[in-house]
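Please read it with the model open.

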Amino acid sequence: MRCLICGMIINDKNYNMNDSTFIDKNEADDIIRCPFCGVSKEYLSDDEEYINFNPDDLDDKTRKVLDMGMKLEIFNGDFYAEASKQAKDENLKKMFKDLSNIEMMHARVHKNFGGFESLPSLRKMDYTKHNTDELLLMEANKREKHAIAFYDRYFDKIPDSIKKIFKALADVEKEHVTITE
C-alpha cells in the first residue's frame, strides 16, 4: 500500500510507526492511517500512483506558501524533538518523538511538491521555559492550532492540485490538537 500524499510504502514492518499520534491505531490487517505522515485511509491506495506533478507548473505565490508550510512544519518538528527530550512522562516522550517524525514528513511533503532542493535549517530555539509536561502539552496544542490556521488561511489561495494535500495535512493536525489537549 502506498500513501498518495507522502509517497511512502506501507507494509507489515512499518504500519505501526508513530502510533502514539493516532487516536485510532493501525492494525496489520486494517491500515487506517499513513504511519509516516498520518493522513487517513482515503489517501492510501494499492493501485493509485503517488500524487506527482511538475513543481515548475506552480506560480511564485504557491511556491511561497509551500515554502512557509515547509518551515512551519520543520519548526514544529524541531519543537517536538526537543520536547521528547524534556518530557518527564515516558508516554509523552514517545508521543513527542512520534509527532516530530510526522511533522518532519509534512515538511518533506511541502519540499517535494514545491520542488525545493532541500529542507532549510532553521535557527534553533530555546524551549527550556516549557519545563513541565503540562507546559510542553500546552505549547504543542498551540502549535497544532497554528498549523491548522495556516492550512485554512491559504486553502483558497492555492491551486486545486495542492488543495488535496493541504486538506489531508490539516486533518492530521486536527487529530494532533485532540491528542495534545
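1. Basis. This is a predicted model, in which local features need pLDDT of at least 70 and side-chain atom pairs count only at pLDDT 80 or more, while totals for chains, interfaces and linings use all residues. Residues are numbered from 1 along each chain as its sequence is written, and side-chain values use heavy atoms, with hydrogens and water left out.

2. Helix α2. Helices (H or I, at least four residues) and strands (E, at least two) are DSSP runs, numbered from the N terminus. Helix α2 covers residues 90–114, 25 residues in all. From its first C-alpha to its last α2 reaches 36 Å, close to the 36 Å expected at 1.5 Å a residue; the expected span is 1.5 Å times one less than the number of residues.

3. The ends of α2. At the start of the helix, a side-chain oxygen of D89 comes to within 3.0 Å of the backbone nitrogen of N91. This is a polar contact (a pair of N or O atoms within 3.5 Å; within protein, one must be able to donate a hydrogen and the other to accept it, and residues adjacent in sequence count only if both atoms are side-chain atoms). After α2 comes G115, with a positive phi near 70°.

4. Salt bridges across the chain. A salt bridge here is a side-chain nitrogen of Lys or Arg within 4 Å of a carboxyl oxygen of Asp or Glu, and the count comes to 12. In one of them K94 pairs with D19, the closest N and O atoms being 3.4 Å apart. That pair links distant parts of the chain: K94 is in helix α2 and D19 in the loop between β1 (2–3) and β2 (44–45), 75 residues apart. D19, K94 and D98 are linked in a network of salt bridges. K94 is partly exposed at 40% relative accessibility, and D19 is partly exposed at 24%. On this scale buried means under 20% relative accessible area, exposed over 50%, and partly exposed in between (1.4 Å probe, protein chains only).

5. Salt bridges within helices. E82 and K85 both lie in helix α1 (residues 60–86), 3 residues apart, about one turn of the helix. Their closest N and O atoms are 3.3 Å apart. E82 is partly exposed at 29%, whereas K85 is exposed at 58%. In helix α4 (residues 160–179), D171 and K167 are 4 residues apart and so separated by about one helical turn; the closest N and O atoms of this salt bridge are 2.8 Å apart.

6. Cysteines. How many disulfides are there? The count is 0, with a disulfide taken as a pair of cysteine sulfur atoms within 2.5 Å. The sulfur of C34 has its closest cysteine sulfur in C6, at 3.6 Å, which is too far for a bond. For C37 the closest cysteine sulfur is in C3, also 3.6 Å away and too far for a bond. C34 is buried at 0% relative accessibility, and C37 is buried with a relative accessible area of 0%.

7. V109. This residue is in helix α2 and is buried, with a relative accessible area of 2%. Leaving aside residues up to four places away in sequence, V109 touches I5, C6, I165 and L169, where contact means heavy atoms within 4.5 Å. The C-alpha atoms of V109 and P35 are separated by 14 Å, the two residues being 74 residues apart along the chain.
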